[in-house]
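I opened the notebook to record what I looked up, entry by entry.

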Amino acid sequence: MIKYFHKFANPVRFLKLAIPIKKISGIAAFFTIFIGLIFALLLSPPDYQQKETVRIMYIHVPSAWMSLMTYGFIFLSSVFFLIWRFPLFLILAKESVPIGIIFTFSALISGALWGKPTWGTYWVWDARLTSFLILFFIFLGLKLIKDTFSNSSKGNYTFAYLSLVGGFNLPIIKFSVDWWNTLHQPASIIRTGGISVSNEMLAPLFLMALGLFFLFIYILLVSVEINIKEKSLINFRDSLKNN
Amino acid sequence: MIQNILDFISMDGNGFYIWISYFIPLTLFFSLVLVRKIKLNKILKKIKKNEL
């Protein structure tokens, strides 16, 4: 595994692999989200209780899943960076932060808009909503560190350690609906009793989740390409100055 | 036909919540993609210039 990491820790070699994956994931994201939206807004049936408002689920739930996945990815990349010291892991972690902010904000805003017609309020301070808001603030904190100490080794380590500390929030978010009494409904997909959602609703849900996953890969790889090429441009200019 | 379109937009009286909840995230995703693409193109142009 370390040999594999060593092979792709070289930015040029990494970009050779990343550029075709980026193109494929960009196209896949566009088509999967497009088909997902058709299912979500047109073909899926209304819920017997929530009627048409259930359609908000197809953007809210995948956004929430992706924000948790993005944080999990940042957490793992930071762990790998601290163990093996490959700068590429740090670049991957840092470039995931803005994507995580947008996924988390989307989940929060669509959740609030779903809450008003179903619960009668945009916001309640229950465990799930509050822990998710904390995740949003952790993302903002990481962005602040990333932008403030962009080129210092201390800043890099502060970023990696803070992302590890923020990892405590992930299990709290997942199990908040089981540990406390919340207005937010309990898990209906990843739970011990099996999936409690009908297949007609699962199709748009998974299509949108897959689309957002491809979108994450696409934006991440574009961002990493920017980061690596920007650095090579700076190095090139520095070498010209020195000559 | 027009009535069907109006019913679809109204979403049983909840159109405001449903359309806004899709519009905001999709606009944010699209904006992030656009900003990154523009930045990448600028850098690629600069690299090309330096190579020339």
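**Entry 1: a salt-bridge network**

I began with A:Lys22, A:Glu225 and A:Lys229, which are linked in a network of salt bridges. For a salt bridge I required a side-chain nitrogen of Lys or Arg within 4 Å of a carboxyl oxygen of Asp or Glu. The model is predicted, so local features need pLDDT of at least 70 and side-chain atom pairs count only at pLDDT 80 or more, while totals for chains, interfaces and linings use all residues. Residues are numbered from 1 along each chain as its sequence is written, chains are lettered from A and ligands numbered from 1 in the order in which they are written, and side-chain values use heavy atoms, with hydrogens and water left out.

Helices here are DSSP runs of H or I with at least four residues, strands are runs of E with at least two, and both are numbered from the N terminus. I noted that A:Glu225 and A:Lys22 are buried. Buried means under 20% relative accessible area, exposed means over 50%, and partly exposed lies in between (1.4 Å probe, protein chains only).

**Entry 2: another pair, and the total**

I then found a salt bridge between A:Glu52 and A:Arg55, with the closest N and O atoms 2.6 Å apart. Both A:Glu52 and A:Arg55 are buried. Over all chains, the structure holds seven salt bridges.

**Entry 3: chain A as a whole**

How many helices and strands does chain A have? I counted eight helices and zero strands in chain A. The C-alpha trace of chain A spans about 70 × 35 × 35 Å along its principal axes. Of the 243 residues of chain A, 49% count as buried.

Next I checked contacts, meaning heavy atoms within 4.5 Å. Among contacts in chain A between residues at least 6 apart in sequence, 76% join residues at least 24 apart. Chain A exposes about 12,300 Å², and carbon and sulfur atoms supply 69% of that area. The accessible areas come from the Shrake-Rupley method with a 1.4 Å probe, and for residues only the protein chains shown count as cover.

**Entry 4: where chain B meets chain A**

I looked up the interface next. The contact takes 27 residues from chain B and 41 residues from chain A. The area buried between chain B and chain A is about 3,100 Å², of which carbon and sulfur atoms give 80%. Buried area is the accessible area (1.4 Å probe) that two parts lose on being put together, summed over both. Which three residues supply more than any other three of the area that chain B buries against chain A? I found B:Tyr22, B:Phe29 and B:Arg36, which supply 23% of it.

Between chain B and chain A the count is two salt bridges. One I looked up joins the side chains of A:Glu230 and B:Lys39, at 3.9 Å, N to O. A:Glu230 is partly exposed, at 30% relative accessibility, and B:Lys39 is partly exposed, at 38%. Helix 2 (residues 15-51) of chain B gives the most to the side of chain B that touches chain A, with 23 residues. By class, that side of chain B has 19 nonpolar, three polar and five charged residues. Ala, Val, Leu, Ile, Met, Phe, Trp, Tyr, Cys and Pro count as nonpolar, Asp, Glu, Lys and Arg as charged, and the others, Gly among them, as polar.

Is A:Ser96 buried or exposed? A:Ser96 counts as buried, because its relative accessibility is 0%. I placed A:Ser96 in helix 4 (residues 87-119) of chain A. Leaving aside neighbours within four places in sequence, A:Ser96 is in contact with A:Thr70, A:Phe73, A:Ile74, A:Phe216 and A:Leu220.

I found A:Ile172 in helix 7 (residues 169-179) of chain A. A:Ile172 is partly exposed, with a relative accessible area of 24%. Not counting residues up to four places away in sequence, A:Ile172 touches A:Ser131, A:Trp179 and A:Trp180.

**Entry 5: positive phi**

Last, I noted that A:Arg85 has a positive phi of about 60° although it is not a glycine. A:Arg85 lies in the loop between helix 3 (57-84) and helix 4 of chain A.
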